[in-house]
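Please look over the sequence and the structure below. The report that follows describes some of their features.

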Amino acid sequence: MMQSKDTAAAPGVSNRLMLIINPISGTGNKKGIADMVRERMGALSMEVDVRTTGARGDATRLAREAAEGGYYGVLACGGDGTVNETARGLLGSATALGILPAGSGNGLARHLGIPMDIALALDVVASDNVVSSDFGSVNGNPFFCTFGLGFDAAVTHRFARRKRRGLLSYAAASISEYIQFRPQVYTVSANGKILTEKAFLIAVCNASQYGNNAYIAPHASITDGLLDITIVHSGTPIDTAVMGMDIFTGYINKNTMVHSFRAPAAVIYRSSAGEAHIDGEPIVLDSILDIKCRRGQLKIFTPDNRADFRPIITPVKEMLRDARLGLHHLFSRHILAHLSPDDEADLF
């Protein structure tokens, strides 16, 4: 339980947080984040241990150590890959996950309504509103946002090979992949029904979006015990372009190319093993994909009030919020570039 600056921690409640920073996630500089977190959480009598990842799996190992050590929370500073790794180490524990979004897409943070500004994201942690979240698994591999096959998986693999990160690089990877992409036939077994379809992509979603406000399952919930399954049928380039626009307006479930439903579990069959993605990270999986929703196994710091999703309205609000934040950071960098160290000290 978070405590005020002049209040001792309750008996049996840890006052320790672990901050896990992925220094290469996204496009931003992580300099100064550790000091910011220590100062903000220190005002609540919380001690912060800082760890930096250097290789795949580090965040899972560190988060597991924190859970076993009785830490109150672990703050993951990075993108969806870092969040996924950190969350894996906390499953089934009393230690809560805090998200400080610093990646390219930040899908789970955006779904939860966590601000893209680190300082504001820390306010969410400080508010100490913790929910018990579901997660999905495919062949035993956990996902907390989305698991995907088809076009989005192919783009993820292509994007992973690019040196540049960010939205523009992802868009370039998408265009390059689309030129040569060929849909595959999948058989989906769920809710006692079987569907065989030549699909452009299949997305299995615990949360509502891929990231960057691309809503593949606009009304998904992380607390309902169900996964939202979105099947996008193959179509013409015009059909695909319209579907792409619907993803960003929140109307994808109204698109005639899309078949969406909810299920607690599913099995997907394809002709051979191949590409997939888990929370935006590329992976190669078998031809038979066993998918399950695991209910309430992860504690997460979330905003204590979040408006319901509304098509167009919610995406536009998020787009404007991102634009304001981008302008704020650009303006701040411009000002600081013209200040001497003494001027900076006077300013801050």
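Which backbone oxygen lies 2.7 Å from a polar atom of the side chain of Ser93? The backbone oxygen belongs to Leu90. Such a polar contact is a pair of N or O atoms within 3.5 Å; within protein, one must be able to donate a hydrogen and the other to accept it, and residues adjacent in sequence count only if both atoms are side-chain atoms.

This is a predicted model, in which local features need pLDDT of at least 70 and side-chain atom pairs count only at pLDDT 80 or more, while totals for chains, interfaces and linings use all residues. Residues are numbered from 1 along each chain as its sequence is written, and side-chain values use heavy atoms, with hydrogens and water left out.

**Ser93 and helix α3**

Ser93 sits in the loop between α3 and β4 (96–101). Helices (H or I, at least four residues) and strands (E, at least two) are DSSP runs, numbered from the N terminus. With a relative accessible area of 18%, Ser93 is buried. Buried means under 20% relative accessible area, exposed over 50%, and partly exposed in between (1.4 Å probe, protein chains only). Apart from its neighbours within four places in sequence, Ser93 is in contact (heavy atoms within 4.5 Å) with Ala67 and Lys299.

Helix α3 covers residues 80–88, and eight of its nine residues are buried, so the helix is largely enclosed by the rest of the structure. Among the buried residues of α3 are Asp80, Asn84 and Glu85.

**Nonpolar cores**

A nonpolar core is a set of buried Ala, Val, Leu, Ile, Met, Phe, Trp, Tyr and Cys residues joined through side-chain atoms within 4.5 Å. The largest one has 50 residues, and Leu19, Val37, Met41, Leu97 and Leu100 have the most contacts inside it. Helix α5 (residues 118–127) supplies the largest share of this core, six residues. A second, separate core has 23 residues, including Phe143, Phe147, Tyr186 and Ile278.

Leu100 touches several residues when those up to four places away in sequence are not counted, among them Leu19, Val37, Ile118, Ala121 and Leu122.

Asp128 is partly exposed, and so is Asn139.
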